[in-house]
Protein chains: 2
Amino acid sequence: MANPDEAGTNKAAEKPTPVKEVTMKEVAAHAGVALSSVSRVLNDHSDVSESMRKQVLDAIEAVGYEPNLLASSLRRGSTKTVGFIANDISNPLFAEIAMGAERRLNEAGYSMVLTNSEGNPERDEALIRLLRWRRIDGLILSVADEEREGTTAELAKLSEPVVLIDRQVRGADEASAVLSDHANGMRAAIDHLLDLGHRRVSLISGRPGLRPVRERVNGFKAAFRARGLDLPEDLLKFDSFSATFGQQATHELLAADDPPTAIVAGGNLLLIGVLRALQAAGRTVGTDISLVSCDDVPLTELHSPPITVIDRDAEQMGEAAAELLLKLLAGGDGPLVTEIPTSLIRRASTQPGPAG
Amino acid sequence: MANPDEAGTNKAAEKPTPVKEVTMKEVAAHAGVALSSVSRVLNDHSDVSESMRKQVLDAIEAVGYEPNLLASSLRRGSTKTVGFIANDISNPLFAEIAMGAERRLNEAGYSMVLTNSEGNPERDEALIRLLRWRRIDGLILSVADEEREGTTAELAKLSEPVVLIDRQVRGADEASAVLSDHANGMRAAIDHLLDLGHRRVSLISGRPGLRPVRERVNGFKAAFRARGLDLPEDLLKFDSFSATFGQQATHELLAADDPPTAIVAGGNLLLIGVLRALQAAGRTVGTDISLVSCDDVPLTELHSPPITVIDRDAEQMGEAAAELLLKLLAGGDGPLVTEIPTSLIRRASTQPGPAG
DNA sequence: TGTGTTACTGGAAACGTTGCCAATACGCTG
DNA sequence: CAGCGTATTGGCAACGTTTCCAGTAACACA
């Protein structure tokens with residue numbers, strides 16, 4: 001109406017999008033060959049003559065054919081796709097794991113669809129179900145809640161191979177997994193702090209149901225026990241991996257009668273909260289209170305003073321997960337497990353404590 | 001051979017996985033109804049009797065039916081899925097954008113598949129093609145290279161709606177996009193620095209072909225021009241958004257004859273490099289040199305001194321992108337554009353300069 | 001000339017859905 | 001009782017592939 005174009009142009013605009021998809025049939029017709037021959041060329045089967053190949057390839061070019069992966073996957077019974085469910089993509093750590101996995105999978109001719117549960121167990125379940133319905137060939141994930149019935153039920157319905165990241169579900173070695181050695185990393189960190197003379201050491205971390213938390217606690221206890229020291233039970237705070245919990249827990253710790261001289265933030269988001277609380281309370285990291293965090297993110301290196309961390313190679317974890325999955329996809333059997341080492345990077349945030 | 005198991009066990013191992021999929025056909029058979037009736041129940045059409053519904057639902061439960069989304073998408077001609085191609089998932093900023101988009105799309109009944117081009121234009125193209133072949137209903141992306149022929153060609157072949165994030169391709173308003181107002185943000189930042197008395201102000205950013213860089217430069221120039229000041233051309237460094245470039249550029253700037261008194265890091269990864277270089281050169285942020293960065297990540301807030309930033313709401317960008325795409329998917333026409341504001345957050349990293 | 005082999009090609013049946021169209025049964029009106 | 005509308009259901013043809021099974025031609029060999 002506003003456009004006083006000629007009729008011809010208008011007519012074209014009338015058809016919204018009844019654009020028929022260009023299929024192999026059109027290719028076959030244009031090349032004057034059978035449908036099956038086009039398919040053979042596309043999947044480069046043996047037994048296709050050079051002339052046929054050229055003829056078909058030309059026709060594909062001419063008609064502008066684009067394969068329909070839906071149809072092909074349906075027919076073949078395989079999507080050449082694996083799912084990845086991350087807890088929190090905005091956490092650079094998980095993002096790196098995902099990148100490592102994707103890279104390895106692509107090399108092997110698989111593509112990866114990345115989704116985000118936002119740490120929500122219900123979303124976890126919904127995503128597993130969705131991916132199952134999508135007929136993915138395999139799944140890499142880090143379940144939000146290891147104990148939850150629903151999640152294990154959804155996983156059980158999946159007949160394709162699964163690799164867990166830093167998680168173990170009921171019955172130790174039922175599932176394949178990539179596990180980082182949090183226990184030894186934490187053990188080393190606590191040893192370091194105890195060596196420096198700290199005794200009032202606090203550990204702040206996520207829900208104790210999760211493997212990383214369990215293992216870190218194990219390492220923590222092991223270090224104290226090895227020296228015959230009592231655990232500072234009142235300084236162990238577990239709730240969630242969020243920055244807000246880190247802040248709140250630190251705030252409470254500082255306000256207590258016998259506050260810690262050292263804090264271990266068991267998670268890189270927690271660290272943010274811990275730092276905020278310390279800053280708010282006017283405590284200087286290193287001199288007033290020692291600090292250790294988990295996973296080496298830019299913040300830990302560039303903070304002043306730089307922060308001691310328990311590090312691990314996130315990208316390697318992703319690659320390892322992909323590697324295991326590929327083995328399983330190739331028909332490998334039994335649960336496979338890869339352990340990723342952790343290492344302590346000492347920086348200026350840990351200084352001698354009262355007894356040191 | 002190496003396994004002297006009994007025959008029975010062997011036989012079981014011979015069948016790899018001939019597990020026939022449970023389809024609607026089995027449901028229909030078990031319920032004693034027609035295939036089409038099962039379909040009607042599943043898609044809750046009108047005109048199905050209550051008894052039929054119950055009968056079918058029970059049968060589904062009984063046989064353990066799981067929908068095959070491949071088949072259904074193929075038949076329907078729509079996947080209810082949109083693609084998202086991120087430049088770099090490990091950058092928390094992009095991750096947040098992706099989260100915002102996913103949340104909004106899920107609300108609307110779409111699911112999102114997230115992929116990662118790692119800033120590589122070739123991978124960009126390959127991903128667009130792959131998603132096209134997967135028959136996604138729409139695409140949100142932030143192309144790695146706006147000028148590249150191949151990319152625009154791949155996009156052109158896509159008949160589904162596309163929303164760009166902070167990018168514009170040839171011919172200004174051809175494509176829908178969510179754009180952040182980098183120019184005004186930078187203008188405000190530079191005004192702030194000039195007010196403080198700085199004249200030797202450096203800007204470090206990515207390839208000048210990219211919109212965020214172009215716009216930031218525009219804002220930068222506008223601020224200088226408005227005061228009749230000459231541009232410090234020698235202090236403008238553009239190459240890539242990486243930390244390594246940030247470090248290298250800063251290193252060079254500091255070593256020059258007439259070094260800057262203030263640096264603007266045009267990207268949150270660049271900032272990491274800038275900080276490393278400053279630290280290596282023994283310069284203190286704020287007192288020795290003023291510093292502004294783009295996008296408010298944990299590092300900027302928790303650095304000491306805290307770093308002045310040009311901020312924007314990443315999640316909102318994602319939501320806005322999803323919103324536009326949904327409009328287009330619903331049949332909306334014409335290119336739609338949403339502009340996201342930026343704001344300057346002043347912190348202690350910007351202090352009075354030589355002339356101030 | 002007949003037979004067998006090789007190298008290729010075509011036809012048609014799947015894969016698991018959905019949606020159109022026709023068929024059935026039922027209840028009601030005239 | 002005929003006629004008709006309504007509500008519900010079944011049958012069947014797609015959607016775009018892949019793959020099995022025959023079929024054809026060419027050729028060599030006896």
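This is a predicted model: local features need pLDDT of at least 70, side-chain atom pairs count only at pLDDT 80 or more; totals for chains, interfaces and linings use all residues.
Not counting residues up to four places away in sequence, Thr151(A) touches Pro121(A), Asp124(A), Glu125(A), Ile128(A), Val143(A) and Asp145(A). Between Thr151(A) and Ala348(A) there are 42 Å from C-alpha to C-alpha, at a sequence separation of 197 residues.

Chain A also contains an open sheet of six strands with mixed pairing, ordered E7-E6-E8-E9-E10-E12. Strand E7 (236–238) and strand E12 (343–345) of chain A each have a single partner strand, so they stand at the edges with one side left without a neighbour in the sheet. On average, and with direction ignored, neighbouring strands of this sheet are turned by 15° against each other. Helix H10 of chain A (residues 211–226) packs on the sheet, where the helix touches strands E6 (201–205), E7 and E9 of chain A. The direction of H10 makes about 170° with that of E6(A).

Within the sheet, strand E8 (residues 262–265) and strand E9 (residues 290–294) of chain A pair in the parallel sense over four bridges. Ala262(A) has Ser290(A) as its bridge partner in E9(A).

| Residue | Relative accessible area | Class |
|---|---|---|
| Thr151(A) | 2% | buried |
| Cys294(A) | 2% | buried |
| Cys294(B) | 1% | buried |

These residues are classed as buried because the class covers values under 20% relative accessible area.

Definitions and conventions. Residues are numbered from 1 along each chain as its sequence is written. Chains are lettered from A and ligands numbered from 1 in the order in which they are written. Side-chain values use heavy atoms; hydrogens and water are left out. Buried means under 20% relative accessible area, exposed over 50%, partly exposed in between (1.4 Å probe, protein chains only). Two strands pair if DSSP finds at least two bridges between them. Helices (H or I, at least four residues) and strands (E, at least two) are DSSP runs, numbered from the N terminus. Axes are lines fitted to C-alpha atoms, for helices over the stretch in contact, and angles run from 0 to 180 degrees between N-to-C directions. Contact means heavy atoms within 4.5 Å.
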